[in-house]
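Subject: A structure to look through

Dear colleague,

I am passing on a structure for you to read alongside its sequence, and below it I have written down what was found. Please keep the model open while you read, and look up each place as it is named.

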Amino acid sequence: MQTPAPSTERKRGSGAKTVYELLRNDILDLVLPPGSPIDEVQLAEHFKMSRTPIREALVRLAGEGLIDTLPNRSTMVSNIDFLNLHTFFDALVLMYRVTTKLAAQYHRPADLLEIKARQSEFATAVANQDALAMIAANAALHSAIADAGRNPYFVAVFNRILDDGRRILRLYYQSYGDRLPQQFVDEHEEIIAAIAARDADLADRLARIHAEQIVEQIQRLFARKDRFDISL
């Protein structure tokens, strides 16, 4: 059967954007676990579009390190590099600190409104015990804090780290029955208060404590004897 022509109502590039966003969320939320095969033909059939926008979406995901193309030209969701998690943790703590400190120094009133809006979404997700929503809201909150620091290079690096961290955090909460601590909501409030007060040193210190605590909890997970017995 001939592949139907793209709808005239669909703007150019919107098909690739839709595929990219849906696949990206499924990968980050572990709906598509590491190692899952990605088939262009099946995706084209599923989304009822040609393979061109599918390829565009996959190229974008590959550029973000979320999918890999193997020597036999098959494509799969990229694996999480557990052996080198220490490098991820070092980068995570550093970027938490520097972006939060800069936000305290350079934020504008509109930035605080955005940060508080993302914090409200985070608190709602925790109250509802919705792990996927909480992880996404957490990334959005810290990305908003990074934006307030007005350094686009740090923003780009931190967003990549936050995306990588969404998969790791999903494993963490999934392994413990998705119990979500109110403690993180309270810690965020303290960080936001330090940013609002333009107390850069306090913001740095609170961000470091917050980040290192998350790292320690994740490290305890992977130190457990049953660390590989995780249902995906």
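I begin with isoleucine 192, which touches Ile115, Lys116, Gln119 and Leu141 when residues up to four places away in sequence are not counted, a contact being heavy atoms within 4.5 Å. Isoleucine 192 lies in helix H8, where helices (H or I, at least four residues) and strands (E, at least two) are DSSP runs numbered from the N terminus. With a relative accessibility of 5%, isoleucine 192 counts as buried; buried means under 20% relative accessible area, exposed means over 50%, and partly exposed lies in between, with a 1.4 Å probe and protein chains only. Although isoleucine 192 and glutamine 119 are 73 residues apart along the chain, their C-alpha atoms are separated by 8.9 Å.

Before going further, please note that this is a predicted model, in which local features need pLDDT of at least 70 and side-chain atom pairs count only at pLDDT 80 or more, while totals for chains, interfaces and linings use all residues. Residues are numbered from 1 along each chain as its sequence is written, and side-chain values use heavy atoms, with hydrogens and water left out.

As for the whole protein, there are nine helices and three strands, and from the N terminus on the elements run α-β-α-α-β-β-α-α-α-α-α-α. Of the 232 residues, 44% count as buried. Among the contacts with a separation of 6 or more, 76% are between residues 24 or more positions apart.

Which residues touch the most other members of the largest nonpolar core? They are Met134, Phe158 and Tyr173, in a core of 36 residues, where a nonpolar core is a set of buried Ala, Val, Leu, Ile, Met, Phe, Trp, Tyr and Cys residues joined through side-chain atoms within 4.5 Å. At least two residues of this core come from each of H4, H5 (109-127), H6, H7 (152-175), H8 (182-196) and H9 (200-223), and H7 gives the most, with nine residues. There is also a second, separate core of 18 residues, which includes Leu43, Phe47, Met49 and Leu58.

Next come the helix pairs that involve H6. Two packed helices are described by the angle between their axes and the distance between the axes. The axes here are lines fitted to C-alpha atoms, for helices over the stretch in contact, and the angles run from 0 to 180 degrees between N-to-C directions.

The axes of H4 (residues 85-106) and H6 (residues 131-148) come within 7 Å and cross at roughly 55 degrees. That makes H4 oblique to H6, since angles under 35 degrees count as roughly parallel, over 145 as roughly antiparallel, 65 to 115 as roughly perpendicular and the rest as oblique. On the H4 side the contact is made by Tyr96, Thr99, Thr100, Leu102, Ala103 and Tyr106, and on the H6 side by Asn138, His142, Ile145, Ala146 and Ala148. By class, these are seven nonpolar, four polar and no charged residues, where Ala, Val, Leu, Ile, Met, Phe, Trp, Tyr, Cys and Pro count as nonpolar, Asp, Glu, Lys and Arg as charged, and the others, Gly among them, as polar.

H6 and H7 pack at an angle of about 160 degrees with their axes 10 Å apart, and they are therefore roughly antiparallel to each other. Their contact has twelve nonpolar, four polar and three charged residues.

H6 and H8 pack at about 15 degrees, with their axes 12 Å apart, which makes H6 roughly parallel to H8.

Most residues other than glycine have a negative phi, and most peptide bonds are trans. Glutamine 129, in the loop between H5 and H6, has a positive phi near 55 degrees and is partly exposed, with a relative accessible area of 40%. Arginine 150, in the loop between H6 and H7, has a positive phi of about 60 degrees and counts as partly exposed at 36% relative accessibility.

With best wishes
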